[in-house]
Amino acid sequence: MALGDRHQKKDVEAALRRAEAAGLKVTRKTNGHNWGFVLCCPCQADVAVYCTPRSAGDLARDIDRFTRRHENCA
């Protein structure tokens, strides 16, 4: 993730950093409603990261859950 690609919600940004530290790939999408994706390259699974989630805490929890499930793949 590049320096200017930070998520505006601090809870979500922290979850994205934990996902990167676990070896997952965080990609930034430049258009649309999604901010980007967290990808598990070996098994091709992904989770969408929204620009303006209803609840930043819920989205961060979902990213952390995805990270825990896929950190052994990476």
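Reader: Why is Thr 67 called buried?
Author: Its relative accessibility is 6%. The cut-off for buried is under 20%, so Thr 67 counts as buried. Keep in mind that this is a predicted model.

Reader: Where does Thr 67 sit, and which residues is Thr 67 in contact with, leaving aside its neighbours within four places in sequence?
Author: Thr 67 belongs to helix H2, residues 56-70. With those neighbours set aside, its contacts are Arg 18, Ala 19, Ala 22 and Leu 24. Contact here means heavy atoms within 4.5 Å.

Reader: Which residues of H2 are buried, and what puts them on the same side?
Author: They are Ala 56, Leu 59, Ala 60, Ile 63, Asp 64, Phe 66, Thr 67 and His 70. Around the axis they cover an arc of only 160°, and therefore they lie on the same side of H2.

Reader: What makes S2 and S3 a pair?
Author: Pairing needs at least two bridges. S2 and S3 are joined by 6 and run antiparallel, so they pass that threshold. In one of these bridges, Gly 36 has Val 49 in S3 as its partner. The hairpin has 4 residues between the strands, and Gln 44 takes a positive phi near 60°.

Reader: Why is His 7 called buried?
Author: Its relative accessible area is 4%. Buried means under 20%, so His 7 is buried. His 7 lies in the segment before helix H1 (10-21). Beyond its neighbours within four places in sequence, its contacts include Leu 16, Trp 35, Val 49 and Pro 53.

Reader: How do you know that the side chain of His 7 makes a polar contact with Tyr 50?
Author: That side chain reaches the backbone oxygen of Tyr 50 at 2.8 Å. The limit is 3.5 Å between N or O atoms. The distance falls within that limit. A polar atom of the His 7 side chain also lies 3.1 Å from the backbone nitrogen of Lys 9.

Definitions and conventions. Residues are numbered from 1 along each chain as its sequence is written. This is a predicted model: local features need pLDDT of at least 70, side-chain atom pairs count only at pLDDT 80 or more; totals for chains, interfaces and linings use all residues. Side-chain values use heavy atoms; hydrogens and water are left out. Helices (H or I, at least four residues) and strands (E, at least two) are DSSP runs, numbered from the N terminus. Buried means under 20% relative accessible area, exposed over 50%, partly exposed in between (1.4 Å probe, protein chains only). A polar contact is a pair of N or O atoms within 3.5 Å; within protein, one must be able to donate a hydrogen and the other to accept it, and residues adjacent in sequence count only if both atoms are side-chain atoms. The arc is that of the directions from the helix axis to the C-beta atoms.
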